[in-house]
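Please look over the model shown here.

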Amino acid sequence: MTIVPLIFTSGLASGINAYAVVLLLGLLGRFAGAESVPPALERTDVLVAAALLFLLEAVADKIPYVDSVWDLVHTVIRPVAGATVGVLMASHDPGSLGEVAAGAVGGTTALVTHLVKASLRMAVNTSPEPASNIAVSLLEDLSVGGLVTLAIFHPWPAASIAAVLLAAGLLLVWLAVSRIRAFRARRRERRAARAQAHV
């Protein structure tokens, strides 16, 4: 059942950066001999597409508000990627977990993680300077790389870390909701003040 923690961890990582997950899994399978990686992810066309999309996301994800638009677009893409990777892993390791169940685990974990990421990035966007976006984006990229690599070679410790990160993210979202509401209230007040000034 080592495929279950790998699917969970890759699903969580897909909710943060699906292209990095596909690229890293493909590279580890192709060049590091990771047997748990499905051959479909090791194909050259998949690796090239994932690399290009990863580079595009690496730029978009570091620009305030552009990152939130990018997250909105990826509300469907990241869970689908998490589910697809889960199904591919289950089909590559038959008998460990059904493909439907694997898709559900990967897709649901990716969706929850994506919603956590998108919410936290909205909170970060309330900061007046762009350095925080860049720092958070780099931290996300490094976390995805570290988790996926660890999951390939040590699936259970990686899944444990992923579960802690997901729980911490949910707690941070709960704490950040008040900050987002305060930011929106300030924006409404500024608009109202500008409207009154023009009257």
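The sections below go from the overall fold to individual side chains.

## Overall fold

This is a predicted model. The protein chain has six helices and zero strands. Read from the N terminus, the order of elements is α-α-α-α-α-α. The C-alpha atoms fill a box of roughly 70 × 30 × 25 Å along the principal axes.

Of the 199 residues, 43% are buried. Among contacts with a separation of 6 or more, 73% join residues 24 or more positions apart. The chain exposes about 10200 Å². Carbon and sulfur atoms supply 74% of that area.

## Annotated segments

An unreviewed UniProt entry places the feature "transmembrane region" at residues 6-28 and 156-177. Residues 6-28 are 100% helix and 0% strand in the model. The end C-alpha atoms of this stretch are 14 Å apart.

Residues 156-177 are likewise 100% helix and 0% strand. Here the end C-alpha atoms are 32 Å apart.

## Nonpolar core

The largest nonpolar core has 31 residues. Leu25, Met89, Val144 and Ile152 have the most contacts inside it. Helices H1 (3-31), H2, H3, H5 and H6 each give two or more residues to this core. H1 provides the largest share, with 13 residues.

What does Met89 touch, leaving aside its neighbours within four places in sequence? Its contacts are Ile3, Leu6, Ile7, Ser10, Leu25, Ser36 and Pro38.

## Salt-bridge network

The structure holds nine salt bridges. One of them pairs Asp61 with Lys117, at 3.3 Å from N to O. Asp61 sits in the loop between helix H2 (44-60) and helix H3 (66-92), and Lys117 in helix H4 (residues 99-124), so this pair ties together parts 56 residues apart in sequence. Asp61 has 2% relative accessibility and therefore counts as buried. Lys117, at 5%, also counts as buried.

A second pair to inspect is Asp67 with Arg121, whose closest N and O atoms are 3.1 Å apart. Asp67 lies in helix H3 and Arg121 in helix H4, so the bridge ties together parts 54 residues apart in sequence. Both residues are buried. Arg121 also forms a salt bridge with Glu140, with the closest N and O atoms 2.9 Å apart. Glu140 belongs to helix H5 (residues 131-153) and Arg121 to helix H4, so this bridge ties together parts 19 residues apart in sequence.

Is Glu140 buried or exposed? Glu140 counts as buried because its relative accessibility is 13%. Arg121 is buried too, with a relative accessible area of 0%. Salt bridges that share partners join Asp61, Asp67, Lys117, Arg121 and Glu140 into one network.

## Surface patch

Which residues make the nonpolar surface patch of about 460 Å²? They are Leu171, Leu172, Trp174 and Leu175. Trp174 is placed in helix H6 (residues 155-197). Its relative accessibility is 63%, so Trp174 counts as exposed. The cut-off for exposed is over 50%.

The annotated stretch 156-177 is one of the two that the UniProt entry lists as "transmembrane region".

Terms used. Residues numbered from 1 in each chain as written. Predicted model: local features only at pLDDT ≥ 70, side-chain atom pairs only at ≥ 80, totals over all residues. Heavy atoms only, no water. UniProt positions renumbered as here; feature names shortened; annotations may be inferred. Helix = DSSP H or I, 4+ residues; strand = E, 2+ residues; numbered from the N terminus. Patch = residues over 30% accessible without salt bridge, like charges linked within 9 Å, V, L, I, M, F, W, Y side chains within 5 Å. Areas by Shrake-Rupley, 256 points an atom, 1.4 Å probe, with all protein chains shown as cover. Salt bridge = Lys/Arg side-chain N within 4 Å of Asp/Glu carboxyl O. Buried < 20%, exposed > 50% of the residue type's maximum accessible area, 1.4 Å probe, protein only. Core = buried A, V, L, I, M, F, W, Y, C linked by side-chain atoms within 4.5 Å. Contact = heavy atoms within 4.5 Å.
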